[in-house]
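Thanks, everyone, for making time this morning.

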Amino acid sequence: MTTTTEDPIWGHPLVARLLRISRRLRQADRDRPWLLDISVVVGVYLVFGLPDLLRGDGRLAELVRHSGLPLLAVLALQLGLVLPLLWRRRAPTVVFAAVAAVFVVQWGLNVWLRADIALYLALYSVARHDRLRRLPWVGAATVAALLLVVARVSVMVSSLVALFFLCAAATAAAALGLAFRIGVAYLEALRERADRLEVERDQRSRLAAAAERARVAREMHDIIGHNLSVIIGLADGGAYAVDVAPQRSKEALQLIAGTGRQALGELRRMLGVLREERADSIELNPQPGVADLDALCARVRAAGPEVTYRSVGDVDALAPGLQLTVYRIAQEALTNTLKHAGTDTRVQLTLSVEDGEIRVRVEDSGRADGRAARQVAEGSGQGIAGMRERAALYGGWVTAGHRSGGGWIVEAGLEPAPLESELT
């Protein structure tokens, strides 16, 4: 039994609600980015600007009364600090320069405003949205501007204490911007990785489906091609013997029926494996192997060719996968012989297992009328390509070509790993 450990914080209702709100805010920002910029400017001015202008009873604050500046001048300084924040995400460095300039002018006039928080927001925006190579210069400019503040407030508090707290606030603003930047970049990297993994998964699925289709096509080619070739050879022989040897014609028809039933059974087994949900009544037979080569030669022999089969070594000890590969290669080679050399030919099938190497050799004597056996170049044709694909699974090879003295020869070599030959 397996158990899964989950962080309980993610299942808390409050955290889930905050995550939903965060997703909605991000979606709203993507749909209407200007709305967030205006909200920031309005919020900063309401929280930090109006308290400098009004007292709690609605009268002008002492700041405006004792600053020596008219109300419009103080209002202009506040707007100069706050309004540039509208473009803080589109041009962070330019916005910082504008806010810093107003900040220096304000403190040069010895006016203290709560709206100075805009300098830290501009620094945050540079760290969050602009190129990182500009951040050291912006940080240096921030420290230089804060030195003017330290000079003004040194009459009340220690210069070092004032500089420490002001620089700590600036560092916190820059660190917060970098933290959000890294978090967004990390999420984006995770999203890209998830998309890439999904694409790779789809590609692996398509490759697996293509490999399975190729395997099924190879099996169908071996089953249908061989059995149809045998049936055609038997039918031609039966049609020729119907007048001179009716008994041979009857035997040919019986062999055609048996070969057809065997082909139908193999097709049912193949199609039954392909079904996602197989019925319990489907009978599955084992894959053919080396022991079935005698029956294979008998079917081909019944169609007319003189087939001789010889084995060397302990061929029955081969793994089932190897036996299937050997059987299919021999089946394809015998089918090509029946198809191209005709029924009046002699075929020699040799299977040998020596020193861990498996050799399959099929050679025929060619057509009885002396015509060219086949006009197929080595390496072409679906049958030869299929044999090479099967042999390649076990590090093997397949050659096909004309035989000295007439006829055609197909030879295959398999070199399985020692462990593969022991698997069952």
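In which sense do strand β2 and strand β3 pair, and over how many bridges? Strand β2, residues 346–354, and strand β3, residues 357–364, pair in the antiparallel sense over eight bridges, where strands are DSSP runs of E with at least two residues, helices are runs of H or I with at least four residues, both numbered from the N terminus, and two strands pair if DSSP finds at least two bridges between them.

Before I go further, a word on provenance: this is a predicted model, in which local features need pLDDT of at least 70 and side-chain atom pairs count only at pLDDT 80 or more, while totals for chains, interfaces and linings use all residues. Residues are numbered from 1 along each chain as its sequence is written, and side-chain values use heavy atoms, with hydrogens and water left out.

Coming back to the strands, β2 and β3 form a hairpin with two residues between them, and Asp355 in the turn has a positive phi of about 55°. Glu354 has Glu357 in β3 as its bridge partner. β3 also pairs with strand β5, residues 408–414, again in the antiparallel sense, over seven bridges, and there Arg361 stands opposite Glu411 of β5.

The chain as a whole has twelve helices and five strands. It has 424 residues, of which 35% count as buried, meaning under 20% relative accessible area, with exposed meaning over 50% and partly exposed lying in between, for a 1.4 Å probe and protein chains only.

Let me turn to one residue in a helix. Thr325 lies in helix α11, residues 320–340, and is buried, with a relative accessible area of 5%. The side chain of Thr325 reaches the backbone oxygen of Gly321 at 3.1 Å. Leaving aside residues up to four places away in sequence, Thr325 touches Arg390, Ala391, Tyr394 and Leu414, where contact means heavy atoms within 4.5 Å.

For contrast in setting, consider Leu54, which lies in the loop between α2 (33–53) and α3 (62–66). Leu54 is partly exposed, with a relative accessible area of 40%.

Finally, the contacts in sequence terms: among those between residues at least 6 apart in sequence, 67% join residues at least 24 apart. That is where I will stop, and I am happy to take questions.

Methods
A polar contact is a pair of N or O atoms within 3.5 Å; within protein, one must be able to donate a hydrogen and the other to accept it, and residues adjacent in sequence count only if both atoms are side-chain atoms.
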